[in-house]
Amino acid sequence: MKKSEIYFSIALDEQRVPEAISWRATDAGEKIHFAKAINISLWDRDEAGTMKIDLWTKDMPIDEMKYFYIDTIGAMAQSIATATSDKVMADKMRALCEDLMKHVEEERKKKSN
């Protein structure tokens, strides 16, 4: 059996707030990648429920955070379509992404005026 591992490293300040997030994957070589945020969801086999880890660095702008979550929902829509062929659920998630993008763009326009 082939084994693959993903490593995350989180540098914290004195107040335990993330200052830097880095990661690497054994299948991608030894290169270290850097991120401003991570969102990890796991389905716990024993608890039959979701466990989550959401972290972001101090330098993650609010606008980027909103785009990050919209992108995450869009990726989940594609995953649910691929894994289950549930087109209705995937389309509703995509529609939510479209609505959220409109909201974020409207907010951005208001701020720039």
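Predicted model: local features only at pLDDT ≥ 70, side-chain atom pairs only at ≥ 80, totals over all residues.
User: How do the axes of H1 and H2 cross, and at what angle?
Analyst: The axes of H1, residues 62-84, and H2, residues 87-112, come within 8 Å. They cross at roughly 165 degrees. That makes H1 roughly antiparallel to H2, since angles over 145 degrees count that way.

User: Is the crossing left-handed or right-handed?
Analyst: H1 passes H2 in a left-handed crossing.

User: What residues make up the contact of H1 with H2: how many nonpolar, polar and charged?
Analyst: The contact has 15 nonpolar residues, two polar and seven charged.

User: Which residues of H1 are buried?
Analyst: Met-65, Ile-70, Thr-72, Ile-73 and Ala-77.

User: And what covers the buried residues of H1?
Analyst: The cover includes strand S4 (37-44), strand S5 (49-56) and H2.

User: Which residues are buried in H2?
Analyst: Ala-90, Met-93, Cys-97 and Val-104 are buried there. H1 is included in what covers the buried residues of H2.

User: What about helix length? How far does H1 reach from its first C-alpha to its last?
Analyst: H1 has 23 residues and reaches 33 Å, close to the 33 Å expected at 1.5 Å a residue. For H2, the 26 residues should span 38 Å. The end C-alpha atoms of H2 are 37 Å apart, which agrees.

User: Switching to the backbone. What follows H1?
Analyst: Ser-85, with a positive phi near 60 degrees. Ser-85 is not a glycine. Most residues other than glycine have a negative phi.

User: Where is Ser-85, and is Ser-85 buried or exposed?
Analyst: Ser-85 sits in the loop between H1 and H2. Its relative accessible area is 62%, so Ser-85 is exposed; the cut-off is over 50%.

User: What is the phi of Ala-48?
Analyst: Near 50 degrees, a positive value in a residue other than glycine. Ala-48 lies in the loop between S4 and S5.

User: New topic, Tyr-7. Which strand does Tyr-7 lie in?
Analyst: Strand S1, residues 6-12. Tyr-7 is partly exposed, with a relative accessible area of 36%.

User: Which residues is Tyr-7 in contact with, leaving aside neighbours within four places in sequence?
Analyst: Tyr-7 is in contact with Ser-22, Trp-23, Arg-24 and Thr-26.

User: How far apart in space are Tyr-7 and Met-76?
Analyst: They are 22 Å apart, C-alpha to C-alpha. In sequence, Tyr-7 and Met-76 are 69 residues apart.

How values were computed
Residues numbered from 1 in each chain as written. Heavy atoms only, no water. Axes fitted to C-alpha atoms, helices over the stretch in contact; angles between N-to-C directions. Helix = DSSP H or I, 4+ residues; strand = E, 2+ residues; numbered from the N terminus. Parallel < 35°, antiparallel > 145°, perpendicular 65-115°, else oblique. Left-handed = near helix turned anticlockwise from the far one by under 90°. Nonpolar A, V, L, I, M, F, W, Y, C, P; charged D, E, K, R; others polar. Expected span 1.5 Å × (residues − 1). Buried < 20%, exposed > 50% of the residue type's maximum accessible area, 1.4 Å probe, protein only. Contact = heavy atoms within 4.5 Å.
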